[in-house]
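These are my notebook entries on one structure, written down in the order in which I looked things up. I begin with the ligand, go on to the chain as a whole, and end with a single residue.

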Amino acid sequence: MEANHFNELPKSPEPYWRESANLGSFPTLDADKKADVCVVGGGITGITTAYQLVQEGLKVILIDADQLLNGTTGHTTAKVTAQHGLIYDEFIQHLGQEKAKLYYQANQEALHYIRDLVDLKRIQCDFSEQNAYIYSQTEQDDQKVLKEFEAYQKLGIDGDLTYELPFSMETKSVLVMKNQAQFHPLQYLQVLIDGIKEKGGEIFEHTVATDVEKTRGLAVVTKNGAKIECDYIVAGSHFPFYDGKGFFFTRMYAERSYVIAAKTEKEPPEGMYYSAGQPSRSLRYVNINGEKVALIGGDGHKTGEGKDTLEHYEALKSFGEEVLGIKEILYRWSAQDLYTLDKVPYIGRITSGHPNILIATGFRKWGMTNGTAAALLLQDLIVGRNNKYKDLFSPSRFVADPSLKKFISSNMNVAGHLIEGKLDRPSKKPEDLGLDEGGVVSINGRRAGAYKDDKGEVFCVDTTCTHLGCEVEWNHGDRSWDCPCHGSRFSIHGDVLEGPADKPLEKL
Ligand SMILES: Cc1cc2nc3c(=O)[nH]c(=O)nc-3n(C[C@H](O)[C@H](O)[C@H](O)COP(=O)(O)OP(=O)(O)OC[C@H]3O[C@@H](n4cnc5c(N)ncnc54)[C@H](O)[C@@H]3O)c2cc1C
Ligand code: FES
């Protein structure tokens, strides 16, 4: 980690969590294997699912395209809460009170699962119970918070309405959800990884699932050709690595958010905070070397559609200055999460035609509890137990109002990105770029992406995303090429950093 003093941003984006966990490494799969269940994806969803399934006595293989916990879970802010922004009033309006309550219960149960496991296994992961707060600053947001409080009362959510925050900020109203939690996600999941190994589960890293074969039973096909034959497949790969005619690329989009970890003038308060209004702001503290450090997050936007990404960090820095005063920024990082059309995750059988292929995705930046709830639901589906949350989360549920409207606009957006870039003829040439600058350029009249590093070396790629052909955009904060359609990300060399794309951008 390279931290600059005097409030400057660290040069490269590194999450705090990885540096303070001891994860080890796992081999790459290089020969065919058999298992009861193949779990694809080593984030909180895949690891918790694999952990639960080995407790059932099943033979499980867990694979990850990269290293375990280097996806969104490794870049989270790790609030463990059922307070997912202002959502319950909206769910009551659109899904009905019963389903809104089920969503709350599934997430509360997930919180209790994490808390009980931490107690039972005495997991040293800085778990602490905290209240969660949403605050409003404008009249309009105040009305929304009041409606949300009414929804809490209808659903029996243990909450309260107050008017002040324990840091300097004028607020109209503050909605509390009591007895929620925060933790160190990687220290917690490390113990689950050990639990998978102890029960005979096998784990492989740098093993990319590319397809599903259905000739004799089911098999996950990996990029280097090795296959895993199995009875069930769980896609915990964030964006499902296999679509199975579920058309998830038309039903989901990715949003990127930013985080800084900063030493502050005033000690960060107890509690976890979230703004009711936009741009989003999130605050919690984390203990680093015995000191309370503020984790300030937010400034989310659709992937590939932000301003210069460094400006997002600057915005968080200004917020931190305002509320606590910033002494030093120790870390900065960003990541993305997926949104479904009705804001409820897709968890369960991918389609009715593929009953043994299960997915869990679309957590809308609330995956600590949603990912855990997913694992518990998928476990029940695999062992054949009834689960009351099955219909709520079903990936093939009918997409009703208001999703339909968003469905159409989301698709138009994707269509726009498909066409837009192809017509665009940038005037800039690779030689016009300054040092450490990237952007869309023209090479022999063709649209291309170029990045010139600190030494003047230029790396050029075709900007056509290898997933479904949208045009990638330059992300200066992370020095990557990001696709606005479904969130694939590529390095300056064109290599895949994040799916659903599984092929690199063409190098030019
Ligand atoms: C900035 C930010 C802050 C957040 N803060 C919070 C918070 O405070 N509380 C909260 O509850 N949630 C939060 N979230 C959301 C939460 O972090 C995510 O919802 C959650 O981590 C998703 O977990 P996952 O296991 O589904 O996906 P991931 O953690 O992304 O794991 C998926 C894994 O699958 C692997 N993979 C992908 N494709 C393949 C393939 N083809 N083959 C093999 N492996 C593959 C990837 O390498 C990756 O390791 C936040 C999200 C962001 C972006
Ligand atoms: S076209 Fe789907 S991620 Fe790029």
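Entry 1, the ligand. Which residues come nearest to ligand 1? I am working with a predicted model, and in it I found 41 residues around ligand 1, of which Gly41, Gly43, Gly71, Thr76 and Gly367 come nearest. I then looked up which elements give two or more residues to this shell, and they are helix H2 (44–55), strand E11 (252–264), strand E15 (326–340) and helix H8 (367–383). H8 gives the most, with 4 residues. When I sorted the shell by residue type, I noted 13 nonpolar, 22 polar and 6 charged residues.

I noted 10 helices and 24 strands in the chain. Its radius of gyration is 22 Å, close to the 23 Å that the globule rule gives for 508 residues, so I wrote down that the chain is as compact as a globular protein of that length. Along its principal axes, the C-alpha trace spans about 60 × 55 × 45 Å. I also looked up burial, and 51% of the 508 residues count as buried. Among contacts between residues at least 6 apart in sequence, 69% join residues that are at least 24 apart.

The chain is divided into domain 1, made up of 23–76 + 186–250 + 343–401, and domain 2, which covers 420–498. Taken over C-alpha atoms, the centres of domain 1 and domain 2 are separated by 31 Å.

I located Leu58 in the loop between H2 and strand E2 (60–63). Is Leu58 buried or exposed? Leu58 counts as buried because it has 21 C-beta neighbours inside 10 Å, and the cut-off for buried is 20 or more. Leaving aside neighbours within four places in sequence, I found Leu58 in contact with Asp36, Val37 and Leu53. Lastly, I looked up Gly201, which is 143 residues from Leu58 along the chain, while their C-alpha atoms are separated by 8.5 Å.

How values were computed: Residues are numbered from 1 along each chain as its sequence is written. Chains are lettered from A and ligands numbered from 1 in the order in which they are written. This is a predicted model: local features need pLDDT of at least 70, side-chain atom pairs count only at pLDDT 80 or more; totals for chains, interfaces and linings use all residues. A residue is near a molecule or strand if its C-beta atom, placed from the backbone, lies within 6 Å of it. Ala, Val, Leu, Ile, Met, Phe, Trp, Tyr, Cys and Pro count as nonpolar, Asp, Glu, Lys and Arg as charged, and the others, Gly among them, as polar. The radius of gyration is taken over C-alpha atoms; the globule rule is 2.2 Å times the number of residues to the power 0.38. A residue is buried if 20 or more other C-beta atoms lie within 10 Å of its own, exposed if 12 or fewer, and partly exposed in between; C-beta atoms are placed from the backbone. Two residues are in contact if their C-beta atoms, placed from the backbone, lie within 7 Å. Domain bounds come from an automatic or database domain assignment.
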